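Reader: I am new to reading protein models. Could you walk me through some of the terms, using this one?

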Amino acid sequence: MDDGKRLITSLFLIILLSLSSVEPTKKIPARNPCKRLVFFFHDILYNGKNAKNATSAIVGAPAWGNRTILAGQSHFGDVVVFDDPITLDNNLHSTPVGRAQGFYLYDKKDIFTSWLGFSFVFNSTEHKGSINFAGADPLMNKTRDISVIGGTGDFFMARGIATLTTDAFEGEVYFRLYVDIKLFECW
Amino acid sequence: MDDGKRLITSLFLIILLSLSSVEPTKKIPARNPCKRLVFFFHDILYNGKNAKNATSAIVGAPAWGNRTILAGQSHFGDVVVFDDPITLDNNLHSTPVGRAQGFYLYDKKDIFTSWLGFSFVFNSTEHKGSINFAGADPLMNKTRDISVIGGTGDFFMARGIATLTTDAFEGEVYFRLYVDIKLFECW
Amino acid sequence: MDDGKRLITSLFLIILLSLSSVEPTKKIPARNPCKRLVFFFHDILYNGKNAKNATSAIVGAPAWGNRTILAGQSHFGDVVVFDDPITLDNNLHSTPVGRAQGFYLYDKKDIFTSWLGFSFVFNSTEHKGSINFAGADPLMNKTRDISVIGGTGDFFMARGIATLTTDAFEGEVYFRLYVDIKLFECW
């Protein structure tokens with residue numbers, strides 16, 4: 001092996017090794033999720049008559065509202081606490097794989113929009129741990145993105161986006177959301 | 001030193017250096033924002049007489065409070081839902097570029113402090129998407145830092161700090177915040 | 001080019017390329033915290049008789065509840081705002097090093113579980129700044145993990161996990177939490 005060849009070989013190796021370890025300090029916007037999960041969850045709002053089945057209840061309301069009927073003006077100011085079953089298909093009666101727990105509030109007078117702070121709490125053979133969410137939900141849009149702000153257990157330190165779609169609703173008592181969770185930071 | 005030995009030495013060094021350079025566990029504290037945005041937003045609290053103009057309302061209060069007048073003891077326990085216009089200058093009547101939507105609550109008896117959970121929701125030619133915020137707001141301080149906990153659309157996966165300054169207030173009905181958003185994680 | 005020069009050139013290139021090539025795209029799941037902090041905090045719930053000592057108050061409740069007594073059905077729907085002292089040991093009367101400020105809500109009918117959104121606000125010689133938390137707290141479990149979703153000041157851009165343990169409770173008025181904060185992202 002002569003000197004020229006050897007130099008070229010060395011350089012080639014250097015470059016190869018370097019390339020395999022590249023990355024600027026800033027994250028590369030690799031928009032492929034490192035983990036993806038889809039679920040449904042089901043909300044049945046307490047209306048004074050469905051105490052047994054209700055999974056959520058109004059707990060705050062503006063001066064012009066009450067805690068049994070959603071307020072006028074697009075329910076502006078109503079705060080709802082929920083403990084909703086999470087299912088793998090769209091059937092309310094399927095065995096839940098976890099619970100969606102937290103709150104939402106309605107935050108616009110002239111159209112339905114809400115703000116969500118909640119967790120998916122899993123304790124199945126499939127998943128253990130929780131995923132924490134927060135964000136604005138302009139619920140008249142077909143799809144809406146909220147943030148995955150953290151996670152625990154199997155979802156340790158997770159960050160990402162959850163895309164919500166209203167899959168069904170019945171009056172003001174029942175709605176079902178389809179949630180497409182895309183994690184972009186996995187540990 | 002013969003050729004074989006030299007090649008091995010070179011390779012050894014390459015590998016050694018590569019291994020030692022696989023990322024510090026800690027992020028490099030580059031404290032220059034990757035994106036910076038400044039806005040104003042305007043909150044007009046419902047007081048029983050300003051239904052038309054109000055952009056926010058008390059929806060929760062302690063036992064000693066109500067939902068029309070902020071409670072005594074520094075409003076401790078009052079929870080307010082808001083849908084406030086975001087403007088580029090300090091004029092309430094400027095065309096909004098988005099809405100600040102979510103809630104704040106007063107959380108100290110002997111001085112005014114609050115806790116915020118809200119989003120900036122944009123839908124202009126300039127910005128599409130949302131920025132999600134959470135954090136403590138000791139509002140008697142000239143400036144206060146809260147966290148940017150996530151974002152969607154143009155602000156996909158954003159993290160950072162928002163510095164709040166009370167730019168103006170009128171009694172207990174109107175206040176205007178100046179918000180200096182500094183993102184340190186951009187995708 | 002003689003051997004010595006060539007070796008030096010190679011080494012120089014190796015070093016140059018290595019320096020520019022720091023860090024793989026995905027985070028290495030180094031599960032050793034970059035910062036760890038342990039504290040206690042103390043919650044005394046307003047019950048109509050303890051106005052002076054109470055550090056928290058019910059501010060939202062379901063239709064079947066009120067704001068002086070925690071509701072039936074595992075307090076489902078009760079929302080509590082708090083300003084709790086943080087201490088270094090388990091003594092309520094120790095000098096606080098900061099305040100835990102924010103809210104929790106009870107979110108299950110058949111067992112006690114809650115959801116938390118709050119901050120640790122420090123202003124001591126030891127720590128300045130805040131740590132922001134969110135997450136589900138299935139409080140009947142011995143330990144529960146919630147997310148550190150951000151921080152300011154000394155805790156600029158922090159992310160991590162806080163493990164909560166109920167260290168003591170007295171009826172429905174007082175509880176003390178032990179909080180083990182493990183940050184995995186430090187700036």
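Author: Gladly! This is a predicted model. Let's start with a group of rings: F39(A), F41(A), F82(A), Y104(A), Y106(A), F118(A), F120(A), F122(A), F133(A), F155(A) and F175(A) form one aromatic cluster. Over all chains, the count comes to 69 aromatic pairs.

Reader: Why is the pair of F103(A) and F103(B) called edge-to-face?

Author: The ring centres of F103(A) and F103(B) are 5.6 Å apart, and a pair needs centres within 6.5 Å.

Reader: What makes F103(A) buried?

Author: Its relative accessible area is 4%, and buried means under 20%, so F103(A) counts as buried. F103(B), at 3%, is buried by that rule too.

Reader: Why is the pair of F39(C) and F120(C) edge-to-face?

Author: Their centres lie 5.9 Å apart and their planes are at 75 degrees, which is over 60, so this pair is edge-to-face. F39(C) is in strand 1 and F120(C) in strand 5 of chain C, so the pair ties together parts 81 residues apart in sequence.

Reader: Why is A63(B) called partly exposed?

Author: Its relative accessible area is 31%. Buried is under 20% and exposed over 50%, so A63(B) falls in between. A63(B) lies in the loop between strand 2 and strand 3 of chain B, and touches Y46(C), I58(C), R67(C) and T68(C).

How values were computed: Residues are numbered from 1 along each chain as its sequence is written. Chains are lettered from A and ligands numbered from 1 in the order in which they are written. This is a predicted model: local features need pLDDT of at least 70, side-chain atom pairs count only at pLDDT 80 or more; totals for chains, interfaces and linings use all residues. Side-chain values use heavy atoms; hydrogens and water are left out. Helices (H or I, at least four residues) and strands (E, at least two) are DSSP runs, numbered from the N terminus. Buried means under 20% relative accessible area, exposed over 50%, partly exposed in between (1.4 Å probe, protein chains only). Contact means heavy atoms within 4.5 Å. Rings of Phe, Tyr and Trp (its six-membered ring) pair if their centres lie within 6.5 Å; planes under 30 degrees apart count as stacked, over 60 as edge-to-face and the rest as tilted. Lists of a residue's contacts leave out its neighbours within four places in sequence.
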